[in-house]
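Here is a friendly note to read with the structure open beside you. Take the points one at a time and find each residue as you go.

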Amino acid sequence: MQRLLPVYYVLVLLVSLLAACATPSSSSTPKPPLTLQGDTLSGRLLFSRDDGIWLWEGRTARRLINPPVTQPAFNPTGNQIACIVLHAGASDLVITDTAGAILAQLTRNEPAAPPGSIERVYNAKWAFYPTWLPDGSGVLVSAQPAPPVGDPPADAPLAIMRYDVNGRQQVVFSDANAHLGRSVVLPSGDVIVVRTPLGSDGRQQLFRISNNQATPLPGAPTPAYDPTLSPDGTWLVFAVGIDGGSDLYAMPASGGSPIRLTDIGSARSPAFAPDGKTLAFLAIPTGGRGFDLYLAEVTTAGDTLQLGTPRRLSTDFAINADGGLTWAR
């Protein structure tokens, strides 16, 4: 029997299998800090690589949390981090402090059954893409509400689940015909989410969940993914798949005409600075060996958002684009 995983989780599963014996508190020796050349980065920026979660602050980068942890997200005050711990065939949502020490484990998706056993397959679940609620009371994730069923076993579609820091959990929205992925929460409480129809060719769409109804975000191109929200809640920036690559677009969070921001061909994973004046994103430079970090100044005027000339901040750093970026003061 073989568990039927969505295609876009195959890479995540391979990484988790390689790191199955590691934990966030692994005692492996951290790499020495790397000095960034040029711009000084304001605030604190987190990103993921195969060797864990890294923190960039000022002009230095250092590993903050050892593998197999990925997809970090600062809470609204910047004093806690939600992130995903990868296991063999499962993943969990945990909360850490800013030094990387675990404060709480909000899911228990890894079963006690040994890796590779059919018992483990039928009792394991996945969680991905944490995003904090604006008041910091809980975290939304893309997760399985129940273990796989059937013969051969197949995962249920990923739903948007809420996990409160006090332990309460609930399904926010589920769709029997699609996986629900990375999400952002608007000031109104509505949720913008990446929806991928089951059996599709991976053409992710941006949907808005409001009053327990999900509808396509007006004006958003397809495929679109990696949404992020400006600090004032007015602008949505996201990646759009174009000719086998991707570039960044912006549009009012309420919907409207999309504005192309980059013309790099590989831009992904945008994140606003806390003051909204700078946008960080990942892209593969010409001749590069993986994703590097870029910064660009943001200017807004009325219903227009524009970026200044992007500045490359790292060289051949091989950042995990699906791990996203998160920026705090």
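1. Let's begin with a group of rings. Phe-47, Trp-54, Trp-56 and Phe-317 are linked into a cluster by ring pairs. Rings of Phe, Tyr and Trp (its six-membered ring) pair if their centres lie within 6.5 Å; planes under 30 degrees apart count as stacked, over 60 as edge-to-face and the rest as tilted.

2. A word on what you are looking at. This is a predicted model, in which local features need pLDDT of at least 70 and side-chain atom pairs count only at pLDDT 80 or more, while totals for chains, interfaces and linings use all residues. Residues are numbered from 1 along each chain as its sequence is written, and side-chain values use heavy atoms, with hydrogens and water left out.

3. Now the overall picture. The chain has two helices and 26 strands; helices (H or I, at least four residues) and strands (E, at least two) are DSSP runs, numbered from the N terminus. Of its 329 residues, 53% count as buried. Buried means under 20% relative accessible area, exposed over 50%, and partly exposed in between (1.4 Å probe, protein chains only). The accessible surface of the chain is about 14300 Å², and 52% of it belongs to carbon and sulfur atoms; such areas come from the Shrake-Rupley method with a 1.4 Å probe, and for residues only the protein chains shown count as cover.

4. How much of the contact count comes from residues 24 or more positions apart? They account for 43% of the contacts in the chain with a separation of 6 or more, where contact means heavy atoms within 4.5 Å.

5. Please trace the sheet with the order 5-6-7-8, which is open, has four strands and pairs in the antiparallel sense. Its edge strands are strand 5 (69-74) and strand 8 (102-105), each pairing on one side only; two strands pair if DSSP finds at least two bridges between them. On average, neighbouring strands here are turned by 30° against each other, direction ignored. For such angles, axes are lines fitted to C-alpha atoms, for helices over the stretch in contact, and angles run from 0 to 180 degrees between N-to-C directions. Strand 7 (residues 90-97) is joined to strand 8 by three bridges, in the antiparallel sense. To find the spot, look at Val-94, whose bridge partner in strand 8 is Gln-105.

6. Then move to the open sheet of four strands in the order 9-10-11-12, where the pairing is antiparallel. Strand 9 (127-132) and strand 12 (169-173) are the edge strands, and each pairs on one side only. Strand 11 (residues 159-164) and strand 12 run antiparallel and are joined by four bridges. Arg-162 stands opposite Gln-170 in strand 12.

7. Back to rings for a moment. The structure holds eight aromatic pairs. One of them is Trp-126 with Phe-128, a stacked pair with 5.4 Å centre to centre and 15° between the planes. Both Trp-126 and Phe-128 are buried. Elsewhere, the charged end of Arg-195 sits over the ring of Phe-207, 4.9 Å from its centre.

8. Is Ser-183 buried or exposed? This residue of strand 13 (residues 178-185) is buried, because its relative accessible area is 4%. Leaving out residues up to four places away in sequence, Ser-183 touches Thr-131, Leu-140, Ile-160, Val-191, Ile-192 and Val-193.

9. Finally, check some backbone details. Most residues other than glycine have a negative phi, and most peptide bonds are trans. Tyr-129, in strand 9, has a positive phi of about 55° although it is not a glycine, and Tyr-129 is buried, with a relative accessible area of 10%. Ala-318 also is not a glycine and has a positive phi, of about 50°; Ala-318 is partly exposed at 43% relative accessible area. A cis peptide bond, with omega about 10°, joins Pro-67 and Pro-68. The bond from Asp-151 to Pro-152 is cis as well, with omega near 5°, and Pro-152 lies in the loop between strand 10 (138-143) and strand 11.

Methods
A charge sits over a ring if NZ of Lys or CZ of Arg is within 6 Å of the ring centre and within 35 degrees of the ring normal.
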